[in-house]
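Please look at the ligand site before anything else. My notes follow the model.

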Amino acid sequence: MPNEPREQWASRLGFVLAAAGSAVGLGNIWRFPYVVGEHGGAAFLFLYLIAIVLIGYPVMITEISMGRSTQKNPVGAFKALAPNTPWWLVGGLGVLTGFVILSFYSVIAGWSMSYIFKAIAGFPEGAGANEQLFGQHIAGVAEPLIYHFIFMVITVGVIAAGVVKGIQRIVELLMPILVVLLLIVVFRGVTLEGAGEGLAFLFSPDFSAVQPETILSAIGQSFFTLSLGMGAIITYGSYLSSKDEVPNSAIQIIGADTGIAILAGLAIFPAMFALGFETTQGPGLVFITLPAVFAEMPMGELFGFLFFLLLSIAALTSAISLLEVVAAYVIDEKNWPRKKAAAVVGAIIFVVGIPPALHAGVLSDVTIIGMDMLDFYDFISDSIMLPLGGVLTVIFAGHVWGMKNVADEANKGSRGLKIGHWMEPLLKYVIPLGVLIVMIVGIIDTLG
Ligand code: PHE
Ligand code: NA
């Protein structure tokens with residue numbers, strides 16, 4: 001039985017906004033500050049920016065082009081471009097990565113949702129009290145699970161409603177509000193007494209502390225934050241029409257994502273130093289530092305409420321792109337109706353997310369390779385699955401699909417910026433070798 005005709009974005013702006021909605025999320029506001037903090041600040045930021053330009057931009061062009069030229073989900077895209085070869089497995093790895101990422105992403109989004117209500121009640125003042133509040137929250141059983149569940153139900157609802165109606169509308173409305181709110185928080189942070197040290201931490205690099213593991217984290221963060229390496233952008237590109245511009249769209253998406261990450265850094269580090277927090281708090285960082293800032297602000301309840309509301313929504317626009325990868329796969333390849341696909345896949349992802357949801361509570365003693373269940377899910381997806389998926393995708397594009405096809409597709413419809421053959425050595429050799437070497441050395445460094 002044939003499915004409904006494939007949807008397309010209602011405009012190019014629709015694609016850019018949806019892809020930016022996928023990109024901008026917990027990766028920018030929750031993950032970026034804490035990995036910057038863990039890896040010593042500005043030196044990490046510098047490596048991350050290099051990775052965005054040298055790896056992120058070419059990989060994004062490649063993924064959009066693969067999606068648009070085939071109009072398929074990641075598995076279907078590889079099958080269409082290289083029929084009867086095992087390359088579709090790279091798309092399969094992407095689908096699997098989507099499962100793993102969304103399962104813990106939903107847990108963190110659930111923390112953010114519960115913080116909407118905590119903000120209304122008012123955050124306590126000071127570092128210690130906020131540390132305690134957060135510690136109690138994540139050590140629970142019912143609360144983390146219930147919010148993880150609610151978040152997955154909402155995500156499933158949007159995906160069941162379809163691409164344009166579900167995804168495009170929410171994003172168009174909310175992205176601008178998020179930027180304004182971040183600017184307000186940045187203003188409060190940088191005007192606190194002692195904020196200057198935080199700015200120095202973020203912008204004056206000390207390369208002496210850079211380890212192989214630091215570089216791997218910077219690369220992993222660049223894939224994660226741009227939604228690359230697992231087919232989300234292939235999938236979104238598949239709803240893009242050939243009249244639209246690829247190279248420009250990629251720049252806009254990356255610009256928005258990088259801008260918001262830096263704003264998040266500016267919202268957090270100056271305040272962190274001013275209020276006397278440690279930079280190495282890990283995944284709790286935004287949930288501890290910012291509430292302490294809100295507690296010291298006039299109308300802090302209102303700003304805190306808005307902030308965690310928007311963070312939850314930013315998480316939602318990313319989560320739907322993760323679920324869409326898996327859903328598009330079963331819709332296209334297994335002919336499932338969209339609603340059934342969303343519901344069944346969502347239910348499985350909820351279950352897979354139970355261990356990270358309980359990582360600080362009943363499962364706090366459970367570790368794998370020395371990591372708790374949240375760190376473990378995060379590590380295998382960001383430091384292994386995404387970089388591997390990205391490397392295999394560019395090897396495929398450079399050596400199998402071919403640079404001419406990549407460039408023809410990427411430049412089709414483009415009136416302004418076009419990509420040239422400078423991308424060929426990057427796709428064929430520089431990115432694959434660079435990332436693989438960093439991965440191997442970095443993984444050994446992490447485990448050792
Ligand atoms: N880019 C999203 C973020 O930064 C996370 C994400 C990763 C979304 C991979 C889709 C695919 O929050
Ligand atoms: Na991001």
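1. Helices here are DSSP runs of H or I with at least four residues, numbered from the N terminus. Helix H1 (12–23), helix H2 (26–38), helix H10 (212–225) and helix H14 (300–334) each give at least two residues to the shell around ligand 1.

2. This is a predicted model: local features need pLDDT of at least 70, side-chain atom pairs count only at pLDDT 80 or more, and totals for chains, interfaces and linings use all residues. Residues are numbered from 1 along each chain as its sequence is written, chains are lettered from A and ligands numbered from 1 in the order written, and side-chain values use heavy atoms, without hydrogens and water.

3. The shell of ligand 1 holds 14 residues (a heavy atom within 4 Å). Among the closest are Ala23, Tyr105 and Phe224.

4. Polar contacts are pairs of N or O atoms within 3.5 Å. An oxygen of ligand 1 lies 2.8 Å from a polar backbone atom of Ala23. A ligand 1 nitrogen is 2.8 Å from a polar backbone atom of Phe224. The side chain of Asn28 places an N or O atom 3.4 Å from an oxygen of ligand 1. Alone, ligand 1 exposes 330 Å² (Shrake-Rupley, 1.4 Å probe); the protein buries 100% of that.

5. Helix H7 (residues 142–161) has 20 residues. Just after H7, Gly162 has a positive phi of about 105°.

Note on methods: Expected span 1.5 Å × (residues − 1). Polar contact = N/O pair within 3.5 Å; in protein donor to acceptor, adjacent residues only side chain to side chain.
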